[in-house]
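Subject: Structure handover

Hello,

Here is the structure I promised to pass on. Please open it first, then read my notes below.

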Amino acid sequence: MTEKAIVIRGAREHNLKNLDLTLPRDKLVVVTGPSGSGKSTLAFDTIYAEGRRRYVESLSSYARQFLGQMQRPDVDFIDGMSPAISIDQHSAGHNPRSTVGTTTEIYDYLRLLYARVGLPHCPRCGREIQRQTVQDIVDAILELPSGARILILAPLVAGRKGAHRELIDETRKAGFVRARVDGVIVPLEEDILLDPETGHDIDVVVDRLIARPEDMDMARLADSVETALRLGGGFLAVQSLNGDGSESEVYYSEHFACLHCSLTLPEIEPRSFSFNSPQGACQACSGLGVQMDFDAALVVPDRSLTLNQGAIRPWARGKRNLPYFQALLESVSTNFGIPLDVPFAKLDSRQADTIFHGGPRSKPIQVTFVGKDGKERTLAMPFEGVLPYLRRHHREAVEDSDRSRLERYMTSVQCPICEGRRLRPESLAVTVDDRNISEAAAMTIEGAGEWVRSLQRDVAAKQFGRRDSAVAQRVLLE
């Protein structure tokens, strides 16, 4: 037997009829034939099955116990075989939640990267958010210039209206002697009068120190930081007046939270970046990136018709408006100066916008119509517009038939909240090298490869702050 061929004799597996065949090795061999001729039986159930069986039998008895006993195919003789692998072809699914990244599982690596080294930002104001321990805050204070005068502040009120007398009294009774009210340091022993109709910022002064790293009372500093975090609900501010006259203020938090927006973020995990998980998916579109909404082109398909001729299809039957909607349009025409006998295409942009999106809520209109019971009724209400009206009725519909009738005028549009990016704002506010995960996933293969290679040790160290840059580099490379 030649070693450059696979020799098969007496193959009888399934519908093969004692087949004898010689196939060249190290060549691309294509098996063709009509349906039912035995192509798959020859390739998978005979050649591949025998190659896999021989490979498994070459393993130790310990390894074979995990793979199970394999049956020999119904064939007299096969020679020239090597260990075989089989690649099956499957049609890709049409799940709207699937992307190239999720299908190839590359997106899973991106989620892990962003969960481990991503920098969170406030989704409202864009400020970087970091979570620090007491020791991290103490280390940051020790890095301030020597001789700087330091105030450790616990924020109690941020931009909230009220006189806040009870809060000030409680702070005074707790033993604190100073507070910063609207940016001014005042003694708490004074009677502090605040305008209840104006928003105020109140921070209690927990401690005053002078930065001298060589002889700083570390126990006092750590105790002051802990007290400020406790009073401020996990937040504190450090104000420093340097010897050169410059002043700075830094906020710290033991939570993923933005003090300026009073927004607390959840713990960052790989599932925070999955649009198939409730923890990461945009709440408006459930992670699909699109929503079904009413399309103005379907609501008014023939713009050569006038409003009186039933141009608004959901409100008409044939070329006549339903009685209530005819009365409504007549009232709209009277109050907003919109002609009913002019083709819709000739209405100006302001008039068309009023029809679709409604008039001012401060300007109610009166609609007089005859109900189904034959009685005349008059309603006074703002005109909400055709599209908001249809959205409300679709949302409140009880019968499936009513909902299906309205869905004829809907189409798929980009989600206005996530703008098609599928994720929550909190997840999109996490960046690596100034890119969020949606921007990373939108890159080309070549661009993504170059970007990942550019994430070197300096970027990793920056992402990890004071943490071990070697650990960060290992995460990026893995």
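**Overall picture**

Of the 478 residues in the chain, 38% are buried. Buried means under 20% relative accessible area, exposed means over 50%, and partly exposed lies in between (1.4 Å probe, protein chains only). This is a predicted model: local features need pLDDT of at least 70, side-chain atom pairs count only at pLDDT 80 or more, and totals for chains, interfaces and linings use all residues. Residues are numbered from 1 along each chain as its sequence is written, and side-chain values use heavy atoms, with hydrogens and water left out.

The chain holds 17 helices and 20 strands. Its radius of gyration is 36 Å, well over the 23 Å that the globule rule gives for 478 residues, so the chain is more spread out than a compact globule. That radius is taken over C-alpha atoms, and the rule is 2.2 Å times the number of residues to the power 0.38. Along the principal axes, the C-alpha trace spans about 105 × 90 × 35 Å.

Helices (H or I, at least four residues) and strands (E, at least two) are DSSP runs, numbered from the N terminus.

Now the contacts. Among those with a separation of 6 or more, 62% join residues 24 or more positions apart. A contact means heavy atoms within 4.5 Å.

**The cavity**

The count comes to one cavity of 30 Å³ or more. A cavity is a set of points on a 1 Å grid over the protein atoms alone, where a 1.4 Å probe fits but cannot get out; lining residues have an atom within 4 Å of a point. Grid points are joined across faces, edges and corners, and a volume is the space filled by probe spheres set on the points.

The largest cavity has a volume of about 40 Å³. Leu156, Leu167, Ile168, Thr171, Ala179, Leu188 and Ile202 line it. Helix H6 (residues 165-173) gives the largest share of this lining, three residues. By class, the lining has six nonpolar, one polar and no charged residues. Here Ala, Val, Leu, Ile, Met, Phe, Trp, Tyr, Cys and Pro count as nonpolar, Asp, Glu, Lys and Arg as charged, and the others, Gly among them, as polar.

**Residues to look at**

Start with Glu50 in helix H1 (residues 39-57). At 1% relative accessibility, Glu50 is buried. Leaving out residues up to four places away in sequence, Glu50 touches Arg72, Pro73, Ile78 and Met81.

Next, Val117 sits in helix H4 (residues 106-117). Val117 is buried, at 2% relative accessibility. Val117 and Asp433 are 316 residues apart in sequence, yet 9.8 Å apart in space, C-alpha to C-alpha.

Asp433 lies in the loop between strand S19 (430-432) and strand S20 (435-436). Asp433 is partly exposed, at 31%. Most residues other than glycine have a negative phi. Asp433 is not a glycine, but its phi is positive, about 55 degrees.

Asp182 also has a positive phi of about 55 degrees, and is not a glycine. Asp182 is in the loop between strand S6 (178-181) and S7. Its relative accessibility of 40% counts as partly exposed.

Last, Val184 belongs to strand S7 (residues 184-187). Val184 is partly exposed, at 48%. The C-alpha atoms of Val184 and Leu328, 144 residues apart along the chain, are separated by 58 Å.

Best wishes

Methods
On a 1 Å grid over the protein atoms alone, a cavity is a set of points where a 1.4 Å probe fits but cannot get out, and a pocket is an open set with protein on both sides within 12 Å along at least five of seven lines; lining residues have an atom within 4 Å of a point.
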